[in-house]
Structures are given as C-alpha cells and as structure tokens.
Amino acid sequence: MTVNASLVVDTAELLLARRQVRSEKRKAFFSAIGQNKAAVVGGIIILLYISMTFLAPILAPYDPYEINLKDKLQSPSVDHWMGTDDKGRDILSRILYGSRLSLGVGFSSVFFGASIGIILGLVAGYYGKWIDTIISRCLDVMLAFPGILLALAIISALGPSLINVTVAVGVFSIPLFARIVRGSTMEVKQLEYIDAIRTLGANDFIIIFRHIFPNILSPIIVQGTMRLATAILSAAGLSFLGLGAQPPSPEWGAMLSSGRDFIFSAPYMAIFPGLMISILVLGFNLFGDGLRDALDPRMKK
Amino acid sequence: MFLFILKRLAQIVPVILGVTLVVFLIMQMVPGDSAVILAGEGASKETVEELRENLGLNKPLHEQYLSYIGNVFQGDFGNSLKNNQPVLDEILIRLPITMELAFFSILITIVLGLIAGIISAIRPYSFSDIGVMVVALLGISLPSFWLGLLLMYVFSIKLQWLPVAGWDSAAHIILPAITLGAGGAAIVARMTRSSMLEVVGQDYVRTARAKGLKEHVIIYKHALRNALIPVITVVGLQFGSLLGGTVLVESVFAINGIGRMIVDAIRTRDIPMVQGGVLIASLVFVFVNLLVDIMYRVFNKRIDLN
C-alpha cells in the first residue's frame, strides 16, 4: 500500500513537471511567434480570409450567381472593382463567396487527412513491431504516387465533385501526418513519465490520447499549417482541371478555369482568382515558417 | 555499394505491388458493375456478359488482381474504352513528351534553385538574400496553373516572344518548363541556403578560413559539396510533385503528355487509361527515387554502406 502511494505521488510529480514544461514551452512559443514579423503577417492574412468567409453576404455588392448578359466581360471599374465575367456576374462578389469553398475544402481535407494520419501514426509508433511494419508499408505505397496523382486516381473512381476533391486531397495528406506522428510517438513513449503512468495501471488508450498526444502537438500543428497551403493549391488545381467544383460554383480554381478561355480578351477573369489563391497560400506559408521556427528551435539556427 | 543497390531493389518490390494494388482497386471503387462500365454505354446484355467472361470479372477479386499484375508485367495495360486501342500504345506516344518536359523542368529547378540559394547564403540577411528569399516564398505560393497563364499572357500574348501552346519546337518548351520548375526551384533555393548556412558554421570551414584559403575556394570546394547532400534528397522529392504537376501544366499549355491524357481520361471515364497513366507515372517516380538514393550514397561517403 505504501509503495503504491509513493508511486502515485512520484507519478503526480512527474506529470506536474511535464505540464510545467508544456506551459513554459507555450509561453516561449507565443512570444517567439509574436516577434516573428513574417509569421504575424501570415497570421493576419489568414484571419482576413477567414473573416471574408463570414462577411461575404455583407461585403458582396452583387449576387454571385446572377447572370446579367448585357454587362458581360466588363473591365474593372468603380461599379465592378474586379470586372465582370462572361455571364455578366460581378467577379468581386463571386470571389468573396468563393472564399467559403476554397477555405472550406482546404480545412476539411486537412482535418480529414490529419485525423486518420494521427491515429495511424500513434498506433504505429506506440505499438511498434508488426503493426508498425504494416502501417509503414501502406504509407510507403501512398507516398509512391507522385504529387496529386493519388488524388486524381481517387477522383477518377468517385467522379468529379468538390466533396470528392476534399476526400482525395485529404487521403493524400494521411501519410505525411502519420509519418511525423509515428516518429514523435516513438520518442515520447520512452520518457519516464509514460512508464510511471503505465505502472499505475493506465490503459493504452489513456496513455496514447491523454499523455502522448498532447506532447507531440507541435510538429502536428506545423505540418497542418504547411499542409493547408498545399491542400488549398491542390484542391484549386483539381477544380481548375474541371474535376472539382463545377460551374456556376464560384470556387477560385473553377473561376480561373473559365477565365482561361478569355485570357486574350479579359485577362482579369483569370488574374483575380489566382491572386486570391496565391495570397492565401502565401499567408499559410509565412505563418507555417514562423510556427516552425517558434516550435522547433533546432531548425532556427 | 552493390549490396546496397540490391537491398534497395528488394525494398521497392512491395511498394510496386502496393501501387499496382491501389491502381487495380480504382476500377473496383467505381460505383456500379465494372463489366457494364467497360462495355460502354448502350452495350447489349450479351456483350456485357461476354466481356465479363473474357476479362475474368466474374472471378474472385484476388484472382482478378493476380491476372492484372500478370498482364501489367507483360506490358498489357488493357484497352481504352474510347477507341479500344491498347493503353500502352497511347502511353508510349505520350511518355517521351512528359519526360522531356520533366527533364527541362528539373533542370530549371536544380540550376535556378542552387544559384539562388548560394547567392542568398553568401551574404545572409543582405538585400540580395532577402530579395531572393521573398521571390522563393512567392515561388512556393503561386499556383502553377496561374503562373503558367500569367507567363503565357505576358510572353506569348502581349510581347509575342514565345508560342502560346503546343509542343512543336524548342521555343514551346520554355514557358511550360519554367512554370513547372519554378516551385521546385524555390524549395531547392530555401534548402540550399539553410544547408549552406549550417555548413559554413562548422569547424572544418573555420579551419579552411584559418589556413587563409580564398573565400570562393571555401564556398565552392568545401562548403557547397557538403551542403549539397541534403539538397539531393529534396530534388528527389521534388521530382514527385513535378511529375504530378505535369497534369496541370500540360493542361494549361495544351501539351499532349501523360498528365493531360489522365485528365482527359477521367473526364470521359476511360478508367483503363487512367489506371495506365497513374501506374506508369508512379513507376517512373519509384525508380527516380531509387536513383536519388543511390546518388545520395555516392555523394555522402560518411554514411556506412551497411
């Protein structure tokens, strides 16, 4: 009984120390990210885009779907800041509403890919042995498909649509998260406090999700931010190819695709959607770079 | 070294089998009866049943997979649903075009990326460094299909220096290769810079300085050689996204390569064509990775060969 009691006290101390390390790390992180100008700029860009998704109905001067053929293909002007498209729709309004689709696909596909990838990585890293071998070989196969070809293969089976693009881009994020989580889990599970908790009788589920997962969040967050940039690019690319959002959807990749046919006469139709994608991706890249520097001091020097 | 190559070759066998399995499963994932899909629209019941019998679609899944692998290794990728021609014939016509595009793009990735990275690393935090890094950041943020359209608008439509689209002359290669290579060049530049800065801080470079060697000798003979080792890996990884990127760039510039073939095949639901294209691109990628791994060993003599 006394042995057990002292073990409980020791474990509690270990956990407390662990928590302290975490909160100190968190403080250092926020001050580091605040000092990183590029990261702040990236963060502001992302926030602006997110508020755009909410404010679209208020900000948009016109209905994004309303066809008005007598106003078609107008150059940018006071009435139409970004001009009108081949159906006379206001490009600015379409872009504002389109932010919901482009950001939505990016976030949901990364969430989907990260959830599955994290679980696979935790299981592979924690249990090791044959479970790890099987999961790792599957990840190798997924990584053997170059670039967005795995996503293309999935879409070819499921058929073109924005939801299928989300699934396809998500699947293609799974191995990247799983790899990182697997490595971090293998490191953390050897730490003393995990042994202590296990001795106290915690089951694997609690050890993995309560005690390992919160301690490997930093690489996941960095990877997630970087992946958002790639996911948004890939999803827009697939819609550009006509395999994602279908007209009249104001998804930016799809808008760019219809703008391509008017590149001679109305280049602004393709310029603005592309510009919106570029700035958003730039925001995620800046923010991701800053996060990495703040969370991973090894990369800093 | 020979042992190492053998070992790596053995390792890629399960990967290749896995890739063929995934590609095989594309057909199974398509909603509906694959025999009906393969027979095409408006096919009679007899035709569908005949096809099912001929292609063994009534057999258990694992037998179908085994015969699929057997066919693939004999160069039989099935027939196109559109014109009933062998998929392999179409691939053989288009693969050289895509490989040519990929070759010039990777050349741009490597040359531009290395030069930019070295310029940055020689004087860190100077104007030239910041300038190069800002351009590199843009390079990884711009969608390739948009960059391609912009380049086409400026150089082909406005200035009329280069052809708009197609793949007939050397001039046709320039814009697509830049479009496809730019993103990779940006990543290589960032990697070269950080790798160079790390190497320059090490003892042996300080020793070289202390010996009184000239700065360019230190940079090119001592620092760069070791800084290049991690860059090789990055170039290898870039080749993958570059191969995937051909899908977009070939569509922008109307180039009849494998990438455009896959996209067109998805639109017309020509599944065997998609399978063939995805499979061949993945096999090329797997072998390029093998080559990169071998090169990595050759350049990095510090790694224990066992």
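**Exercise 1. Find out what covers the buried residues of helix H6 in chain B, and which residues those are.**

Start with the cover: the buried residues of H6(B) have H12 of chain A over them, together with helix H5 (87-122) and helix H8 (170-200) of chain B, among the elements included. Helices here are DSSP runs (H or I, at least four residues), numbered from the N terminus, and strands are E runs of at least two. Contact means that two C-beta atoms, placed from the backbone, lie within 7 Å.

Next, pick out the residues: B:Val132, B:Met133, B:Ala136, B:Gly139, B:Ile140 and B:Ser141 are the buried ones. A residue is buried if 20 or more other C-beta atoms lie within 10 Å of its own, exposed if 12 or fewer, and partly exposed in between.

A word on the source: this is a predicted model, where local features need pLDDT of at least 70 and side-chain atom pairs count only at pLDDT 80 or more, while totals for chains, interfaces and linings use all residues. Residues are numbered from 1 along each chain as its sequence is written, and chains are lettered from A and ligands numbered from 1 in the order in which they are written.

**Exercise 2. Work out how H2(A) and H12(A) pack.**

First, take the numbers: helix H2 (residues 37-59) of chain A and H12(A) pack at about 140 degrees, with axes 7 Å apart. The axes are lines fitted to C-alpha atoms over the stretch in contact, and angles run from 0 to 180 degrees between N-to-C directions.

Then sort the angle: under 35 degrees is roughly parallel, over 145 roughly antiparallel, 65 to 115 roughly perpendicular and the rest oblique. The pair is therefore oblique.

Last, look at who meets whom: residues of H2(A) including A:Gly42, A:Ile46 and A:Tyr49 meet residues of H12(A), among them A:Gly283, A:Phe287 and A:Asp289.

**Exercise 3. Where is B:Gly113, and is it buried or exposed?**

Step one: B:Gly113 sits in helix H5 of chain B.

Step two: count around it. B:Gly113 has 28 other C-beta atoms within 10 Å, so it is buried.

Step three: list its partners. Beyond neighbours within four places in sequence, B:Gly113 touches B:Gly184, B:Ala185, B:Val188, B:Ala189 and B:Thr192. The C-alpha atoms of B:Gly113 and B:Thr192 are 7.6 Å apart, though 79 residues separate the two along the chain.

**Exercise 4. How many helices and strands does chain B have?**

Count them up: chain B has twelve helices and zero strands.
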